[in-house]
Amino acid sequence: MDESIWEAARASRSWLDNANGTGQTELTCRILKLTEEAGEASAAWIGLLGQNPRKGVTHTHEDVAAELADVAFTALVAIESLGLDAQTVLGTCAAKVSSRLAT
């Protein structure tokens with residue numbers, strides 16, 4: 001991945017630390033933020049399908065992808081907020097998944 005992604009995740013963590021502190025409540029909120037972002041991705045998918053008859057089709061594949069990217073980025077910031085290196089953690093996860101696919 002582009003190094004700017006990891007730098008942005010670290011910078012976002014630092015910005016949040018400075019603005020909100022680093023206590024357990026703040027960490028809890030950063031982890032819960034994933035649920036909020038996932039809900040927005042779900043809402044965009046529902047909007048793409050037009051499942052709400054009152055609203056009709058309101059979103060595109062690009063909208064859904066943007067919301068999913070928000071989920072992914074929020075997860076990177078949460079990992080950094082745990083005091084871990086998101087790039088390393090994600091790399092370990094990718095290697096684990098790859099090893100399962102090879103069998």
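## Exercises on a predicted helical model

A65 is found in helix α3. Helices here are DSSP runs (H or I, at least four residues), numbered from the N terminus. This is a predicted model, where local features need pLDDT of at least 70, side-chain atom pairs count only at pLDDT 80 or more, and totals for chains, interfaces and linings use all residues. Residues are numbered from 1 along each chain as its sequence is written, and side-chain values use heavy atoms, with hydrogens and water left out.

**Exercise 1. Compare helix directions.**
At roughly what angle do α2 and α3 cross, and at roughly what angle do α3 and α4 cross?

*Solution.* 
- Step 1. Take α2 and α3. Their axes come within 9 Å and cross at roughly 170°. That makes α2 roughly antiparallel to α3. The classes are roughly parallel under 35 degrees, roughly antiparallel over 145, roughly perpendicular from 65 to 115, and oblique for the rest.
- Step 2. List some partners. Residues of α2 including L27, I31, L34 and W45 meet a set in α3 including V64, L68, V71 and A78.
- Step 3. Take α3 and α4. Their axes come within 9 Å and cross at roughly 115°. That makes α3 roughly perpendicular to α4. L76, I79 and E80 of α3 make this contact with A86, V89 and L90 of α4.

**Exercise 2. Find the core.**
Which residues form the largest nonpolar core?

*Solution.* 
- Step 1. In soluble globular proteins, nonpolar side chains tend to be buried together.
- Step 2. Apply the rule: a nonpolar core is a set of buried Ala, Val, Leu, Ile, Met, Phe, Trp, Tyr and Cys residues joined through side-chain atoms within 4.5 Å.
- Step 3. The largest set has 7 residues: W6, A9, L16, L76, V77, I79 and A86.
- Step 4. Look at one member. Apart from neighbours within four places in sequence, L16 is in contact with G21, E26, R30 and V77.

**Exercise 3. Count and trace the salt bridges.**
How many salt bridges are there, and which residue pairs with D85?

*Solution.* 
- Step 1. Use the rule: a side-chain nitrogen of Lys or Arg within 4 Å of a carboxyl oxygen of Asp or Glu. The count comes to 7 salt bridges.
- Step 2. D85 pairs with R10, and the closest N and O atoms are 3.9 Å apart. D85 lies in the loop between α3 and α4 (86-101) and R10 in helix α1, so the pair ties together parts that are 75 residues apart in sequence.
- Step 3. Check both ends. D85 is partly exposed at 30%, and R10 is partly exposed at 26%.
- Step 4. D17 pairs with R13, with closest N and O atoms 2.6 Å apart. They sit 4 residues apart in helix α1, so about one helical turn separates them. D17 is buried at 18%, while R13 is partly exposed at 23%.
- Step 5. Trace the network. Salt bridges link R13, D17, E26 and R30.
- Step 6. E37 and K33 meet at 3.5 Å, N to O. Both lie in helix α2 (residues 24-49), 4 residues apart. E37 is buried at 8%, and K33 is partly exposed at 32%.

**Exercise 4. Check the cysteines.**
How many disulfides does the structure hold?

*Solution.* 
- Step 1. Apply the cut-off: a pair of cysteine sulfur atoms within 2.5 Å.
- Step 2. The structure holds 0 disulfides.
- Step 3. C29 is partly exposed at 43% relative accessibility. C93 is partly exposed at 36%.

Notes
Buried < 20%, exposed > 50% of the residue type's maximum accessible area, 1.4 Å probe, protein only. Contact = heavy atoms within 4.5 Å. Helix = DSSP H or I, 4+ residues; strand = E, 2+ residues; numbered from the N terminus. Axes fitted to C-alpha atoms, helices over the stretch in contact; angles between N-to-C directions.
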